[in-house]
Amino acid sequence: MKKHILAAIVGVTLVSGCSMAPDYQLPSVKVSELYFNADTQGVAAQALDYQEWWRQFNDPQLDALVATAQQQNINLKIAAERIRSAQAYETAVSSLKLPSVSLGGGYMDLRISENDPMMGGAVSGVDLPDSLGGGSVKLMDRDPNSSFLGATIAWEADLFGRIDSLSRAAEIRVEQARILRANLTTLMTAEVIDNYLQYRGAEERMLIAAKNIKEQTEVLALVESLERHGYGSSLDVANAKAALATTKAMLPMLDSAKQAHLHRLALLLGENINQTQARLTDAALPQMQQLIPTGVPSELLTRRLDIALAEREIAAKNQELGAAIAAKYPSFYLTGAPGISADHFDDLFSSGSTTWALAAGFNWNIFDAGRTQAMVDIQESGFKTAVLSYQQTVNNAINEVETVLRLYGNSQEYHKHIVKAEAQAETAVTKATSLYRAGLENHLSVLNAQNVKNNIQDAEVVARLNTASTVVNLYKALGGDWSLKQTQSQQ
């Protein structure tokens, strides 16, 4: 009989578990061969493989800020801890596929009461009849003691792949945690670059405003001088003062914007504002000079981290569905408890002290009022939802690239017209000033020309800033892991 039981146990042990998870296939999404806005100026439909693209701004301070942020950003450190947590969970789930072994041992000393209603007679002595020789015999020792040492071994035979599916799902969750960190790195790096650009833009606009204030102050002095000598009017003086005050009013607003972006940079770098301020020395607003490689829409399926995350979600849901299906079938268990036990410690390791227990069994929930099937339905719905989310993520990614491509083209076109307007405005100010000095024009013409020039100069900086910011948004839309090499080695 024991041989048959042992053979059954060995048979269960040797049977390979089968997976109940459906065969995984990545859903197909139709994408265009080329972007609709592929002919945008400044881009090229070549493969995008340059990850540290921001170095094309040729700004060492920007490069240093990105490197520092990727090392110090607190959110990235939190994401790294989430990876470790996911890895620990994967280890915990995978451990269920192997037997668990626990050791135990100890010593017991017991005294039994002679007046105990059940065992008292056995330890105090039992009178024997005369036929057996009479006298008294103790059936048990009143002060028994024993030593024991043993192990408990338990294992679930995963015949239907429930544990294996859960383990694979946990492994995919680790992959997702890594993708999330990489995606967070991309988004955070984009924020660092954009805030740096905005900081430099505000700085440059303040310089232009200061220059205009100087010029308008000189004009005001001239107008006041002419008015004192009877060649001007109080209206000219009032208009000149109004123009000067309007320009001066821009400075505090620009300073607020500059400080806001400085504070944001400090937060992204995980340091105080004084440390960040010390990193920033005088520099101009950087501009992208090279063509931006956009690749083709199908490349987004492998480059965009949000698409990769959505795909891994489908794979995880597929394995969780397999685990739910496997839960409908019986579970088989093997347990064993080998050990040694003796009433004296000296006899503990003798051959007669061995003891063991071995058991095999199964558990099958044959009726639960539909609960198990409901869990399957929930996981199946989650799987279908993940597929739809994946398709939506792909569509959103392509539309985002198309939108930013058009925006990038329009921003460059806008900048070209602003540059032309700036040149004409400079000419208009020069001519208006000359005519005014000659007495052929009133000061209103000079003020109007100067106001137009000031506004266009400010608009030119804003146009360059918008173009640079659009470059950041375009690279972000095109996707990719922007992690620097030293950062990747820490993951």
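Glu191 is partly exposed, because its relative accessibility is 31%. By the cut-offs used here, buried means under 20% relative accessible area, exposed means over 50%, and partly exposed is in between, with a 1.4 Å probe and protein chains only. This is a predicted model, so local features need pLDDT of at least 70 and side-chain atom pairs count only at pLDDT 80 or more, while totals for chains, interfaces and linings use all residues. Residues are numbered from 1 along each chain as its sequence is written, and side-chain values use heavy atoms, with hydrogens and water left out.

Back to Glu191. Its salt-bridge partner is Arg264, and the closest N and O atoms are 2.6 Å apart. A salt bridge here is a side-chain nitrogen of Lys or Arg within 4 Å of a carboxyl oxygen of Asp or Glu. Arg264 sits in helix α6 (residues 234-269) and Glu191 in helix α5 (residues 162-228), so the pair ties together parts that are 73 residues apart in sequence. Helices are DSSP runs of H or I with at least four residues, strands are runs of E with at least two, and both are numbered from the N terminus. Arg264 is partly exposed too, at 28% relative accessibility.

A salt bridge also joins the side chains of Glu203 and Lys258, at 3.7 Å from N to O. Glu203 is in helix α5 and Lys258 in helix α6, so this pair links distant parts of the chain, 55 residues apart. Are these two residues buried or exposed? Both Glu203 and Lys258 are buried.

Next, helix α9 (residues 305-326). Lys317 and Glu320 both lie in this helix, 3 residues apart, which is about one turn. They form a salt bridge, with the closest N and O atoms 3.8 Å apart. Glu320 counts as buried because its relative accessibility is 19%. Lys317 and Glu320 also belong to a network of salt bridges with Arg173 and Glu313. Over the whole structure, the search finds 21 salt bridges.

Now the strands. Strand β8 (residues 339-342) pairs with strand β5 (residues 145-157) in the antiparallel sense, over 4 bridges. Strand β8 also pairs antiparallel with strand β9 (residues 354-355), over 2 bridges. Two strands are called paired if DSSP finds at least two bridges between them. Which residue of β8 is the bridge partner of Gly150? The partner is Gly339. Gly339 also stands opposite Thr355 in β9.

Phe362 is in strand β10 (residues 358-363) and is exposed, at 57% relative accessibility.

Last, the backbone. Most residues other than glycine have a negative phi. Asn58 is not a glycine, yet has a positive phi of about 55°. Asn58 lies in the loop between β1 (43-44) and α2 (60-72) and is exposed, at 58% relative accessibility. Ala369 also has a positive phi, near 60°. Ala369 is in the loop between β10 and α10 (371-437), and counts as exposed at 65% relative accessibility.
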